[in-house]
Structure formats: C-alpha cells, structure tokens
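Hi everyone, thanks for coming. Let's take a few minutes to walk through one structure together, and please keep it open on your screens.

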Amino acid sequence: PFSDAHGTITRFIAMGYDITDRKRYELELKVAARLDKLTGLPNRALLHDRLQQAIARSGRVPGYQFALMFLDFDRFKIINDSLGHEVGDLMLKEIAARLKASLRTNDSISRDIDGSTVARIGGDEFVIILDSISGPEGAAVVAQRLLDVFHDPYQLAGHEVRSTASIGVVMSDAKYSKADDMVRDADTAMYEAKARGKACFVMFDKTMQEAVQNQLQTEIDMRIALATGQFRLAYQPIVTLEDGQLCGVESLVRWQHPTRGLIPPDQFIHIAEETRMILPLSQWILEESCRQFMQWKKQAPDRAPQYISVNLSRIQLTEPDLVERVLAVITAAGMRPDELQLEVTETEIMQNRVVATRALKQLKAHSIRLAMDDFGTGYSSLSCLYEFPFDVLKIDRTFIANLGRGREFVALAHSVVTLAGHMGMTCVAEGIETDDQIAILQSMDCICGQGYRFGRPMDADDLIAGLWRRQTVKHVA
Ligand code: C2E
Ligand code: CA
Ligand code: CA
C-alpha cells in the first residue's frame with residue numbers, strides 16, 4: 001500500500017495469482033498417497049478411514065449393516081517367484097479389475113460413502129467393505145460370486161495362470177469400534193478358509209479367535225520344545241516282503257510334552273507348518289535322522305539299514321535353499337547321498353508344482369533317493385509319476401486295509417504295484433498289519449512293506465537290536 005503524509009492509504013497495488021493449480025496439485029498428492037500405485041485402488045490408510053466411517057455409521061443408522069471381506073490369492077507368491085514380478089504385477093491389476101467389475105464400488109476420494117470399497121492393503125491382500133447388505137446371507141452370496149470370478153484362469157504375458165481366492169468374511173457388529181479389530185477378524189477367517197482347503201470363504205466366528213489363541217500357545221510351546229529337546233524320533237522298519245530283511249527305516253517325529261504327554265505328529269505338524277516352525281523342526285529331524293543312521297552303521301555294520309527315510313513338509317519343498325541344506329546335512333554326517341531318502345506326498349507337490357519339481361529334480365541329480373508317500377490319496381497321481389524322478393512308491397495304507405474287502409480292491413492294489421514296476425520304481429506297501437495282507441502283496445510281487453505287523457515306530461536301540469524281527473513272517477502262500 002502507498003500512503004500519504006497522514007498515513008491515509010491513497011493507492012493499492014494488487015498482486016494476485018491463481019492458486020487453483022497448486023490446490024489441485026496438493027489434493028492430487030494427498031489422493032495419490034492414499035491410493036495403491038499399481039492398481040489405483042484405495043490403500044490401507046484409505047481403507048482404514050472408510051472402515052472407521054462405516055463402523056460409525058452402523059452405530060448411528062438403525063438397520064445399516066456391512067461386511068468386511070479379506071481376500072488372499074492362493075499361490076500368488078509362487079507365481080510371482082517363478083514367473084517374475086512383471087507377471088505378478090499383471091495379475092494384481094487383473095485381480096483389481098475383476099473386483100471392480102463385480103462390485104458396485106466407490107473409488108472416489110470423497111468422504112461420503114456410497115457403494116463398496118475395494119482396497120489393496122499389501123502384496124496379494126485385498127479387502128472389501130461391502131456396503132448396505134441384508135445380512136450374512138447377502139455377504140455369502142457376494143463371496144460365492146467372487147469365488148466364481150476368481151476361478152477363471154489368468155492370461156498373463158503368454159502364461160495361463162490359475163490362482164483361486166480364499167476369502168474371510170466378518171459382519172459389522174456393535175462390538176466393533178476399531179477398524180483394525182475388524183480387519184484382524186476378517187484375516188483370521190481368511191486363514192481358516194485357507195486351512196479348509198482354499199478356494200472357499202469362511203464367516204468369522206468367536207471360536208476362531210480361541211483357535212488362534214491355542215495356535216499361538218502351541219507355537220510358543222514348540223519354540224521351547226525345540227530349544228529344550230522335547231522332540232524325539234521313532235524309527236519304523238521297512239522290510240523286503242520276500243524274506244523280511246530290513247532294507248530301510250522311516251523316521252517319524254514325536255513330541256514329548258512336559259504336561260500333555262506324548263503328542264503324535266498329526267496333532268502338531270500342521271500347526272508347525274502354519275507357523276513355519278516346521279523349518280527349524282525339520283532341520284533338526286533331518287540332522288538327527290542322519291546322525292542316528294551313521295551311528296547304527298558304526299554300531300552294527302551288518303545289521304544297519306541301507307537308508308534312512310525322512311518326511312519332507314510342503315513348506316520345505318518351496319524353500320529356495322532346500323537342496324543346499326540337505327546336502328550340507330549329509331556331508332556333515334558323512335553319509336552317501338543315496339543313503340538318504342526323502343518322502344513327499346503328491347498333494348504337497350501339486351500345491352506348488354513348478355517349484356517342487358525343480359527342487360526334486362535337483363535332489364535327484366545329487367543321487368538322493370525320492371519316495372512318493374501316501375500314493376493314491378492325492379488327486380493327480382498318474383501325471384505326478386510321469387513327471388517326477390521317484391525311486392520309491394509308497395502305496396497308502398488305505399489300499400492295504402481294503403485288501404480284505406473283495407477282489408476289486410485287490411485288483412486296484414495290484415494295478416498300482418504293476419504300474420510302479422513298469423515305471424522302474426520300488427513299491428513299498430504301507431500299514432501292513434496282518435499275515436493275509438503280506439501274502440496277497442507277495443503274490444503281486446510287491447517288493448517292500450512297512451507296518452505294525454513288522455514293527456511299530458520304535459526307539460533307535462530297539463530297532464538295531466532287531467526287536468521287530470520277532471514279528472516277521474517268511475513267505476506265506
Ligand atoms: P506317514 O508319513 O504316512 O507315516 C506313517 C504313519 O503310519 C505313522 O504315523 C506310522 O506310525 C503309521 N503306521 C505305520 N504302520 C502302520 C500300521 O500298520 N497301521 C496303521 N494304522 N498305521 C501305521 P505317525 O508316526 O503318527 O505319523 C503320521 C504322519 O505325520 C506321517 O504319515 C507324516 O505325514 C507325518 N510325519 C511324521 N513324522 C514326520 C516328520 O518327521 N516330518 C514331517 N514333515 N511329517 C511327519
Ligand atoms: Ca512317510
Ligand atoms: Ca505314508
């Protein structure tokens with residue numbers, strides 16, 4: 001301002017500039033910070049706000065209900081690792097597109113919520129706020145529709161990729177006041193969906209929270225168990241059916257729990273897998289098995305088994321350093337590679353076919369023996385056999401248990417034994433409990449057997465003392 005001698009303002013010079021550009025730019029920056037760069041969907045922060053608003057609204061507006069869905073895409077990590085991040089990115093964009101196309105969504109940054117929100121909160125994790133639904137049935141209908149939408153394969157840069165969704169659903173409820181609590185429960189339900197075999201949706205309920213609590217406790221217990229040596233191995237003989245000679249030994253883990261007593265593997269392996277405690281546990285199992293094997297050889301060279309057979313978990317199969325680790329353990333133990341056999345099930349392989357195949361071929365290239373475990377219980381038995389370099393086929397014990405049920409069952413087992421023979425694999429019949437079963441299997445020229453009839457899983461000392469031999473029978477039939 002210009003003023004005269006009395007201080008009165010006589011003139012102004014006005015200067016102005018248009019701030020709308022800057023405002024818009026600032027707003028865009030703000031918006032961008034709340035959108036996921038890859039898919040353009042709301043990110044975790046924006047989801048959080050929207051969810052908090054929806055929670056507030058459900059407390060305010062009688063009858064207003066919404067559902068929160070947590071989606072995770074089965075095998076995404078493997079697709080990403082094996083086909084590359086570009087393909088992974090394409091897949092995430094496609095997922096976003098399919099979600100938008102199947103829901104009435106509100107992508108705008110505006111504060112008023114109308115329609116559902118689809119957000120990507122990390123990796124392959126997508127969260128949906130399903131607005132104004134009639135109740136759990138309404139949410140179930142949408143969840144089912146989404147499962148169908150994700151059933152179709154993806155065409156990504158020349159690859160056809162399949163990846164179904166696992167969905168956890170939680171309904172709005174007066175007990176929720178915090179967005180994070182609701183997301184946590186939807187996540188819990190999603191894990192349950194995965195545990196129930198994937199490609200399904202699960203509605204959250206309170207018992208799941210308790211199960212999670214139990215699992216946490218077991219995980220803590222397991223860490224202690226590993227550190228204080230509560231795990232131990234039992235060994236079950238694998239014999240030739242012809243003359244009952246010991247050929248190999250399978251090592252089977254047990255947990256000697258200080259208060260719960262002896263826990264069988266079926267009760268803790270899956271928890272160990274879910275928590276990835278299986279990795280240090282399996283490392284110990286492998287080291288201990290090899291150590292014990294070498295001790296038998298030293299103790300009784302003429303009676304020691306020719307190989308030790310160790311079960312691999314599906315989690316180990318996808319670890320990039322599996323082969324190195326295995327080789328390191330046998331080298332440290334001073335074992336030949338063909339004295340170690342690793343058992344895998346077809347289901348484990350099929351869950352991660354690409355990665356598992358690579359690992360198995362590498363193990364085979366190093367002369368480690370491979371056995372297909374529980375054969376006949378999985379879903380793609382035959383294709384598996386042609387593709388993978390197995391030395392041994394272990395026929396699942398359900399086939400053996402059925403042998404007494406009629407000729408069809410005998411024929412079925414026979415065809416598996418014959419098939420194994422044609423493909424150059426040694427057959428091991430699992431779960432042999434009776435002399436009749438031995439006789440039938442001998443008549444099929446099944447080479448080896450394992451089961452309570454020969455010996456239960458037992459201590460290392462009992463095994464080498466040949467205690468199991470008392471039970472062997474010679475050539476019936
Ligand atoms: P699997 O690999 O099929 O192991 C054979 C199971 O059948 C063992 O149960 C064994 O005790 C049982 N069995 C052996 N002979 C007979 C028989 O004549 N009749 C009957 N009814 N059962 C028989 P176990 O030791 O309870 O192991 C159960 C499963 O737990 C194993 O099935 C395997 O999948 C898993 N597991 C055991 N040890 C390990 C391990 O060290 N690592 C991993 N990853 N999994 C393991
Ligand atoms: Ca096994
Ligand atoms: Ca088995």
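Let me begin with a word we will need: a residue is called buried under 20% relative accessible area, exposed over 50%, and partly exposed in between, using a 1.4 Å probe and the protein chains only. By that rule Val-118 is buried, because its relative accessible area is 0%. Val-118 sits in strand 4, residues 117–122; strands here are DSSP runs of E with at least two residues, numbered from the N terminus.

Some housekeeping. This is a predicted model, where local features need pLDDT of at least 70 and side-chain atom pairs count only at pLDDT 80 or more, while totals for chains, interfaces and linings use all residues. Residues are numbered from 1 along each chain as written, chains are lettered from A and ligands numbered from 1 in the order written, and side-chain values use heavy atoms, with hydrogens and water left out.

Now to the metal. Which residues coordinate the calcium ion, ligand 2? They are Glu-250 (OE), Asn-311 (OD1), Glu-343 (OE) and Asp-373 (OD), at 2.1 to 2.3 Å. Donors are N, O and S atoms within 2.8 Å of the metal, or 3.2 Å for Na, K and Ca; water is not among the atoms, so sites may look incomplete. Along the chain, the donors of ligand 2 follow the spacing E-x60-N-x31-E-x29-D. Distant parts of the chain are linked here: Glu-250 is in strand 11 (residues 246–257) and Glu-343 in strand 14 (residues 340–345), 93 residues apart. Glu-250 is buried at 5% relative accessible area, and Glu-343 is buried too, at 1%.

Finally, ligand 1. How many residues surround ligand 1? The answer is 21, and the closest are Gln-236, Arg-254, Arg-397, Glu-433 and Tyr-452; a residue counts if one of its heavy atoms lies within 4 Å. Strand 11 gives the most to this shell, with four residues.

Glu-250 turns up again: an N or O atom in its side chain is 3.3 Å from an oxygen atom of ligand 1. For Glu-433, a side-chain N or O atom is 2.5 Å from a nitrogen atom of ligand 1. Taken alone, ligand 1 exposes 790 Å², and the protein buries 85% of that; these areas come from the Shrake-Rupley method with a 1.4 Å probe.

Technical notes. A polar contact is a pair of N or O atoms within 3.5 Å; within protein, one must be able to donate a hydrogen and the other to accept it, and residues adjacent in sequence count only if both atoms are side-chain atoms.
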